[in-house]
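Reader: I'm new to this one. Could you show it to me and walk me through it?

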Amino acid sequence: MGQSCNGGQRSQATEPVGTPYAPTTSETARREGPRVPIRVNGFRTALSATDSAKDGKRPSSWHTYYALGPVLGDGISAQVYEGAALTPVSFISSSYSSSLWKSCSAGACQGESGRRVAIKKFHRSGSRAFKKELAALQRVGTHPNILRLLESYGGFDGEDVLVLEFCDGSTVYDWYAKEFSNGGLPEPLITSLVYQLLHALEHLVSCGVEHQDVKPENMMMYDVSIKRACAELKLGDFGWATVAPSQAEGGAPTSKSRTQVAGSLWYAPPELNPPVDGISVAADALVDSQGRPLRGRSDMWSVGVVAYLLLVGHNPFNEALKLPPADQDNEVLRLAARANFNMKSEKWTRLCTEARDFVSSLLQVVPQARHSAKKALTHPFITRWLSSSNRSEPPFTRTEAEWERREQAWDALDGFQQLGWLAVARAVSDPELEPQVRKASFEGMERETLKGDLMIAAASSYAQQLAAEMVSQPIGLWLVSRPAWSEVLRLAFGYLDVDGDGYLSPEDLAAHVVTSLLEENTVGVAADTTLDPAAQASVMAQHWVARWQQGLAFPAGRAGKGLQFQCFRSALLSLRSDFGDGRGRNDGSDGYLHPSFSHIFPGTADHDEEEISWTDFSCTSVNTSTCS
């Protein structure tokens with residue numbers, strides 16, 4: 001279920017793109033023009049102390065927004081902590097007084113805390129490990145089976161920090177060790193985990209990224225139920241990852257050097273290990289039949305090792321443990337170089353034929369002989385589980401009419417609103433979402449991929465599908481963690497605010513348009529077809545800002561800067577019906593309520609206090625005090 005990271009054949013972009021103008025036939029008459037391609041994974045997630053010092057607009061420390069908790073793990077290059085987001089009070093609705101959202105004492109209001117995150121602090125500032133992991137996470141963007149980068153801070157207080165989504169603090173290895181005495185993890189759960197891992201690796205290949213350290217310790221888990229044999233998986237720790245040069249960077253992909261050593265000894269493939277005396281490796285082992293770099297096959301060896309470990313209960317090269325400790329590492333290298341794994345173990349011999357064949361198809365010395373992630377997903381070991389009536393959770397189903405209603409809700413928003421919701425989808429973490437929303441978004445990627453008639457292949461991106469799910473349901477039905485909402489909005493606004501000045505200017509918004517995919521009349525407002533794509537994007541962004549500023553009175557010097565956070569929040573929650581007056585209403589009087597609220601309230605004032613109310617999340621009126 002991988003998705004393209006380069007926008008398909010027609011694009012030179014390196015990130016997936018969304019399509020804010022995608023009208024159905026019935027909606028075409030009221031749309032403003034053809035689809036506008038928006039970068040889904042091109043948001044501003046990396047902050048640098050150097051940039052902050054230059055413009056004085058960005059935070060002086062990551063400690064402003066996060067507090068450290070207990071240590072979750074410690075590695076060679078970094079420590080990982082559980083952390084809590086400290087959302088500044090300016091990003092929290094002033095209408096809600098619950099202690100969950102804001103606390104005030106002695107007349108001073110403090111920000112909200114409570115959203116759990118993982119904070120990875122690197123031991124040395126400016127390290128190669130930080131730069132490599134940041135580059136890889138930015139390239140892969142948003143995927144349901146890859147640990148999501150929320151933001152990063154480089155050089156602040158002499159520290160490099162990655163802020164990541166939090167996944168209950170447990171790994172596949174933790175659960176493997178915990179259940180070892182009980183006979184190990186159930187096979188249906190193992191198959192589910194391998195299935196999710198393959199989807200993650202398929203996506204990495206489409207993005208030109210290789211993980212190079214796939215092992216149970218780097219596979220995070222959440223929503224785990226051993227009894228029901230189900231769990232969600234996230235592949236993390238990209239410290240060994242390699243990122244291929246993109247077309248936009250003008251680089252040609254290059255194969256890895258045979259002398260490059262990467263990964264963990266017991267999981268690394270022969271081509272990433274040091275040479276073994278007496279065993280030769282073909283010079284072209286890492287290129288395909290056309291001489292192009294072979295991506296992802298090194299990771300597939302590691303999948304074979306992981307699958308064997310979970311199914312059998314020990315590493316496939318455990319024969320090395322019979323030797324003295326000083327000789328074990330060299331023996332592992334020798335066994336791996338010949339793919340001489342343990343096939344005499346009693347539990348291995350009792351595995352079903354499909355499971356043994358699956359592992360054997362991956363533990364191949366020659367990378368070209370290993371299954372790709374895409375092919376492995378069609379292996380009987382996987383498909384048998386997918387079609388099994390014994391699966392703990394039934395497949396996701398939705399009628400065509402329900403899909404159509406979702407698309408109508410998405411098409412009812414204008415381009416700026418859709419851009420905003422794409423940013424929200426990027427800022428939220430999967431463990432904070434209801435399972436059905438994740439499943440629907442995953443299924444949406446399948447549908448878009450199978451259509452095969454897309455302006456851009458990346459319309460099947462997970463962020464695009466997740467955003468569409470969010471706007472079609474009440475917030476309380478898709479957001480599990482209510483305290484996360486304000487922090488999600490803060491991040492989403494920051495993603496779009498390229499220069500970090502606290503305003504969404506036309507220049508900020510135009511930066512998120514893939515100009516290489518703009519077509520004539522895309523702008524939809526007296527478009528001048530003589531304009532180059534960059535100028536078209538600028539005009540379109542000015543149109544968005546003007547629409548949401550229409551009718552506002554600004555203090556001197558503030559009208560031309562752009563939209564502040566409160567207007568961004570209000571725009572997200574205003575459902576456009578026709579925009580005859582240039583913007584949606586947010587008071588519900590003309591039916592412009594966002595779907596998240598129209599399904600909850602019988603009226604604009606008669607609502608249950610336990611529900612998420614309109615005034616919790618948006619301006620009660622559009623005026624100079626809230627949206628200027």
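Reader: What pLDDT does the chain average?

Author: This is a predicted model, where local features need pLDDT of at least 70, side-chain atom pairs count only at pLDDT 80 or more, and totals for chains, interfaces and linings use all residues. Residues are numbered from 1 along each chain as its sequence is written, and side-chain values use heavy atoms, with hydrogens and water left out. pLDDT is the predictor's confidence in each residue, from 0 to 100. Here 71% of the residues score at least 70, and the chain average is 78.

Reader: Over residues 523-527, how many contacts does the model have beyond near neighbours in sequence?

Author: The pLDDT is below 50 over that stretch. Counting a contact as heavy atoms within 4.5 Å, the number beyond near neighbours in sequence is seven.

Reader: How much of the chain is buried?

Author: Buried means under 20% relative accessible area, exposed means over 50%, and partly exposed is in between (1.4 Å probe, protein chains only). Out of the 628 residues in the chain, the buried share is 56%.

Reader: How many residues of helix 4 are buried?

Author: Helices (H or I, at least four residues) and strands (E, at least two) are DSSP runs, numbered from the N terminus. Helix 4 covers residues 187-206. This helix is mostly covered, and of its 20 residues the buried ones number 16.

Reader: Is the pair of Tyr173 and Tyr176 stacked, edge-to-face or tilted, and why?

Author: Rings of Phe, Tyr and Trp (its six-membered ring) pair if their centres lie within 6.5 Å; planes under 30 degrees apart count as stacked, over 60 as edge-to-face and the rest as tilted. The structure holds 20 aromatic pairs. In this one the centres are 5.7 Å apart and the planes are at 50 degrees, so Tyr173 and Tyr176 are tilted.

Reader: Which of those two tyrosines is buried, and which is partly exposed?

Author: Both lie in helix 3 (residues 172-179), three residues apart. Tyr173 has a relative accessible area of 34%, so Tyr173 is partly exposed. At 9%, Tyr176 is buried.

Reader: Which helices does the pair of Phe493 and Phe565 tie together?

Author: Their rings sit 5.7 Å centre to centre with 80 degrees between the planes, an edge-to-face pair. Both residues are buried. Phe493 and Phe565 are 72 residues apart in sequence, so the pair ties together helix 16 (residues 484-496) and helix 19 (residues 565-572).

Reader: Which residues form one aromatic cluster?

Author: Phe493 and Phe565 both belong to the cluster.

Conventions:
Expected span 1.5 Å × (residues − 1).
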